[in-house]
Structure formats: structure tokens, C-alpha cells
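The following report describes one protein model for a reader who is new to structural description. Please keep the sequence and the model in view while reading.

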Amino acid sequence: MNGAALLTSRERRGWRLRIVLVLWSLGLLGLAWLIGVASDTLTVERQLLTALAALLMGGPVMAAAFRSLRHPDLHGVVDQLVALAVIACWVSADFVTATLLPVVMMVGRVLEDRSLLGSREAVEALSNLTTAVARRVATGGRVESIDVARLRPDDIVEVRAGDKVPADGVVVDGMASLDTASLTGESLPVEATVGQTVLGGSVSLNGVLLVRVTRIGEDSALGRVVALMQEAERSKPAVTRLLERYAGKYLLLVILLAAMVWFTTLNSAAVLALLVAACPSAMVLAAPSTALAAVSVAARHGILLKSSIFLERLADADALVVDKTGTVTTGQLRVVGVRCEAGVESRHLSAVARALGRVSSHPVGRALAHLAGDDEVVLADVHEQAGFGMAAVTTQGPVLLGREELFTAHGVTFNPAPAHAGPVAGVSEGARFLGWVLLADEVRPGVAETLEAMRGLGIDRQALLTGDRAGEARRVAALVGLDEVVSGALPHDKMAFVRKMVDAGQRPIVVGDGINDALALRAGAVGIAMGGQGSDIAIASADVVLTGHDFSRVATCVRLGRRARRTLQLNLALSAVWTVVLIALALASGGRSGGALTAAVLQNCAAFVVLASAGRLLKFDERGR
């Protein structure tokens, strides 16, 4: 990818100016050197050339130092120290050093900008996941190729094998396997069938789909991913803000130390070496490079951090609060049992329930449609009785599927529904009641293993917080190994529970997906939204968004946060020790052995080491875990 294309126009102009000035300055120094080789008598001419070179390179240095006075930050300390060193060179008429010093320090700026471009490249790569052309199904079934920007909600698009899904939507016809790894981090293909939501940027591996567009552009899942990545890139790590708070005092300390060296030794070379050695170039890069690497790694795993600040909070977390429906469970019902009346075969009951379920739009009906069996029941005069169930006619007479009230209304005698925490649906044929089908919300795969892994990370207090019934909450909690259960909780009850944990000194991670979780997500130390099917309000309230349905990414968040913190601590320690050693060497050498230029080269070496250390974080990979 072309790095220049990722720079803003202002950044490109700035770098072009720097390059031109470097070339002219080095050319003037080279010319002065040639004049010195040719003649020993042209001293004034050589001095004028080197002075002009120093003036050319000093201009951007002074401009950067002046800007840092108006907008102080950690990088401004480096700009101001380099400016002081250049001024000292001018005063002592050391124009060669005044020219070469900014050139050498510019290498550090190149390393810093390159680390920033790495994050921008990741954002650009995400933006390029969408296709430029979509196949829209026009009136009459005619397929036309149009620009993706022309798509509107409710348009029907055709997605063939090898195509990228052009926008978020719902499958209205067809079946295909979709590769969503770039968006969600899920390594296995997702089977897309009628009624299922698909994300723009997914790649169809086989089959043909007709998709009704629901979200486009910035409102799509991919658009939100890009926006969150850009927001995280702009945010400052907490340690950077802490260092910036003391940057002015550090600068004053260095100036005082340099003044002491000058008044005690009158050695301008030692002062120059000290000013350059004290530049915290590596420390400037330590936190941003680590944060950018962690944000990129998180995005690769389908984890979107709204700010790098939350990496530290994830690392500090010591408790976990999870919602039930849509978080611990899939939010989709499945059949867990069939209770047949005496003399009724379960195969026949399942066949009738399956037939009625296929023509129902209710979640219970969709679950019954997947009942196993080969027997087919032909239905006629199908109609849905809102709130009660389905009714139809077969060769054996009228058939019913639904609640007790439905059978009472049609005069069908039935036995009471069995005690069950989840939904139940009765089935009858003619005047005969066939039995009950028991349903339950399905637990997400790997939830129990993830919760056990979280305990291994020291997050021992884990609570299930749900607005559902107590019986269903206890059933799900038992399946995944949760002991603390709070059921029947309204949104403000959830928030109060989380706040009580925070007031007790705990730092809970709150995981949810619905509107009723938004307050709790805000109240926790870190809020994580299951963004694959989460509500917009939950996603907006959360600090971290999981783009897929993989609950194991919650544990990945914690492990990545702790790995990033260790890397940051190492980088800060390296940069601090390096700076102290350089200052000690500058004072001990008295500016000899190359003085300021040697110190500048060693500062760039430190910056490179810090970037290499942060780069090790990019090897973090749990996608196959």
C-alpha cells in the first residue's frame, strides 16, 4: 500500500519541505567541504555556506518549537530541547552540528510517523473490504451493476460465489457459506440462510444469495468498525497524558542542569550533548506505538476499542458481569424436549409442529421448523392468531400450535403444560391434543470454557445479570458454571448492581448486547457489547465492541490488555534507562566523541528499540484458539 496516500495533504507538504531543505542543506555542507579541500584560504566562504545550511535546517526546528509552546505535549519537549541545542550551536558558530543535528533527529520523526501509518494502513485495509460494484435486482428481476454508493435501504442485491457482500442486510433467498474472518475474526465460514443477517465485506464462498439491504455506508457494521478504529487511533494512552503533565517540569530541570554544566565548565560541547541526550525521543514513542499495535491486534480479532485507555482498564479488571439473552445465550430458541400424550408418537407430533413452524414468523415457530424428521404434513388455510399461535387444516382435520388459550378457544381438551423455565407450545390435530414441545434459549458455544479461563486470569467474581425469569436464569447459570445470579432486573437495577460492585472497590467488566444493558455498560470499569447482533444503543454505550458472536473474545480482551501493559512497562523502562544513561555519558564525556551528534544517533537507536519491542505485540494471535 502506498504510504504517501495515507498522509493528509498538510503532512505531505510538510515532508516535501523537510526533504527539500535536507537536500539543500547537505548540498551546501558538501560544497563547503569541497571548497575546504580545494583551498585553505576560503574560510569565510565555507563559514557562509555552513551558516546558510544551518539556517535552512533551523527554520523548521524553530517553527516546531514555537508550535509546541502554543500546544504543549510530550513531543514538544523534544522539539524545544533540539531548538535549544541548535541555538547553542549558532551562538558557538558550530554551523555543521547545527545542520546535521536536525537531520539526525528527523530519523526519529520518520520512525514515529511510520508507526502511525501502520494504524492508518489497517483502517484503509478495512475500508477496502467492501466491493465497489453491487448487483442490484431491479423491477422485473433484471440484475444491474451499480456503484455501491448508490445502494439504498430495502434494495435487493444478488451475491454470487466469490463476491463480497456490498452492504449489511438480511438474506431473503438462497444459501451460501460466508467468510467473515476480516470482520469478526471468526476463522470458520458462517452459513447464511433465509432470514439471517449478513455483514457488508463478507465474502461468499459458494451459492447465490439475494440480500435485502438494511444499512449502508457509515451506518453499516464495517462503517462502524472503521469509525471506531479511527477514534482509537486519535486517543492518547493514559500514561501519555500523565507524562505530558510533567513535561514542562522535566524541560525546566534539563535547562537548569545545562546551565549548571555551562557555568561550572564553560564547555559548550558538553551542554549541546546534554540537551540532545535529554530528549525523551524513545519515551515519546513508547506509549503510542504500544497502543497502536494493540488496537490493530484487537481489530484483527474482531475486537474494537473505542480508546486505547480501555486497554489498561481491561488489564486491571477483577470481576465480570454478563447479560443472559444474546450474550451468554444466542437469543435463539431451540427444542429441548417433547412431551407426547398417551398413544401419540413423537415423530407424528414433531411432523405437525414442524409444518406449522415453517409457516410462522414467531421465534417459537422458527425453532420448531428445525425439528428433525422426514414426515411431511401438507397444510391449507393457514392463519396466525396473534399472541396465541397458528391454525391450519390438514387431511386429518384442523391443526393448532400455540398456548393453552388457543386450545381452550377451539374446544380442544388438553393436559396442563409441564413445569418448564422456558417457552412451551402445544400441538393438536382435530379434537385430539398431541402434546407439548419444550423450548429454551441456546447457550453460546464455549461460554463455560471462557468463564473458566477468566477465573484462571484472576477474575473470580462472575455474575449473571438478567431481566429474565428466575428459573430460566438459574438453568442457564448452571449450564455455564455461574453461581451468582440476579434475575428479573430492570435496566436501572442492572446499573445499581454494577455501581455497588464499583463502590466496593471492584473493577467489573460488563458484557451485554441489548438496550436494557446500556446503563450497566456505562457503569462498569469496561463495557463490552456483543456487536454481532447487539442494539445500536448498547454498542454506543460500550467501551469495547465485539464484531462477531464469539464470547471467547472477552477473555482475549483481558489477555491482550495485560500483554499490552507489560509491553508498555518494558518500553517505558527501556526509554527511561536509556535517557538517563545518555545524560550520564554526555556529562562524563564533556561533549567529546562526537558530542551532540553521537547523542542524537543513540536517541534514534533507542526509538528503534522501542518500536521493535512494541512490534512484538503484533505477534499476539488467538484467532485459532
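Asp-381 lies in strand β13. In this predicted model, local features need a pLDDT of at least 70 and side-chain atom pairs count only at pLDDT 80 or more, whereas totals for chains, interfaces and linings use all residues. Residues are numbered from 1 along each chain as its sequence is written, and side-chain values use heavy atoms, with hydrogens and water left out. Helices (H or I, at least four residues) and strands (E, at least two) are DSSP runs, numbered from the N terminus.

Most residues other than glycine have a negative phi. Asp-381, although not a glycine, has a positive phi of about 50°. With a relative accessible area of 55%, Asp-381 is exposed; the classes are buried (under 20% relative accessible area), exposed (over 50%) and partly exposed in between, computed with a 1.4 Å probe on protein chains only. Asp-154 also has a positive phi, near 80°, and is a residue other than glycine. The position of Asp-154 is in the loop between β2 (143-147) and β3 (156-159), and its relative accessible area of 54% makes it exposed.

**The sheet that contains β13**

Strand β13 belongs to an open sheet of 6 strands, in the order β12-β17-β16-β15-β14-β13, with antiparallel pairing. Two strands pair if DSSP finds at least two bridges between them. Which strands stand at the edges of the sheet? They are β12 (329-340) and β13 (380-385); each has a single partner strand, so one side of each is left without a neighbour in the sheet. On average, neighbouring strands of this sheet are turned by 20° against each other, direction ignored. Helix α13 (residues 346-358) packs on the sheet and touches β12, β14 (389-394), β15, β16 and β17 (432-443). The direction of α13 makes about 70° with that of β17. Contact here means heavy atoms within 4.5 Å.

Within this sheet, strand β15 (residues 397-402) is joined to strand β16 (residues 424-429) by 4 bridges, and the two run antiparallel. Leu-401 has Val-427 in β16 as its bridge partner. In a regular strand the side chains alternate between the two faces of the sheet.

**Pairings of strand β4**

Strand β4 (residues 168-174) pairs with strand β9 (residues 209-215) in the antiparallel sense over 6 bridges. The bridge partner of Asp-173 in β9 is Leu-210. Strand β4 is also joined to strand β7 (residues 197-198) by 2 bridges, again antiparallel. Here Gly-169 stands opposite Val-198 in β7.

Helix α21 (residues 553-589) is the place of Gln-569. At 48% relative accessibility, Gln-569 counts as partly exposed. The C-alpha atoms of Gln-569 and Thr-290 are separated by 9.9 Å, although the two residues are 279 residues apart along the chain.

How do the axes of helix α10 (residues 281-300) and α21 cross, and within what distance do they come? They come within 9 Å and cross at roughly 165°. Axes are lines fitted to C-alpha atoms, for helices over the stretch in contact, and angles run from 0 to 180 degrees between N-to-C directions. The helices α10 and α21 are therefore roughly antiparallel to each other; angles under 35 degrees count as roughly parallel, over 145 as roughly antiparallel, 65 to 115 as roughly perpendicular and the rest as oblique. The residues in contact include Ala-286 and Thr-290 of α10 and Leu-568 and Asn-571 of α21.

The axes of helix α16 (residues 447-456) and α21 also come within 9 Å, but cross at roughly 20°. That makes α16 roughly parallel to α21. Thr-450, Ala-453 and Met-454 of α16 make the contact with Val-554, Ala-555, Val-558 and Arg-559 of α21.

The table gives the bridge counts named above.

| Strand pair | Bridges and sense |
|---|---|
| β15 and β16 | 4 bridges, antiparallel |
| β4 and β9 | 6 bridges, antiparallel |
| β4 and β7 | 2 bridges, antiparallel |

**The chain as a whole**

The protein chain has 22 helices and 22 strands. Of its 625 residues, 48% are buried. Among contacts between residues at least 6 apart in sequence, 66% join residues at least 24 apart.
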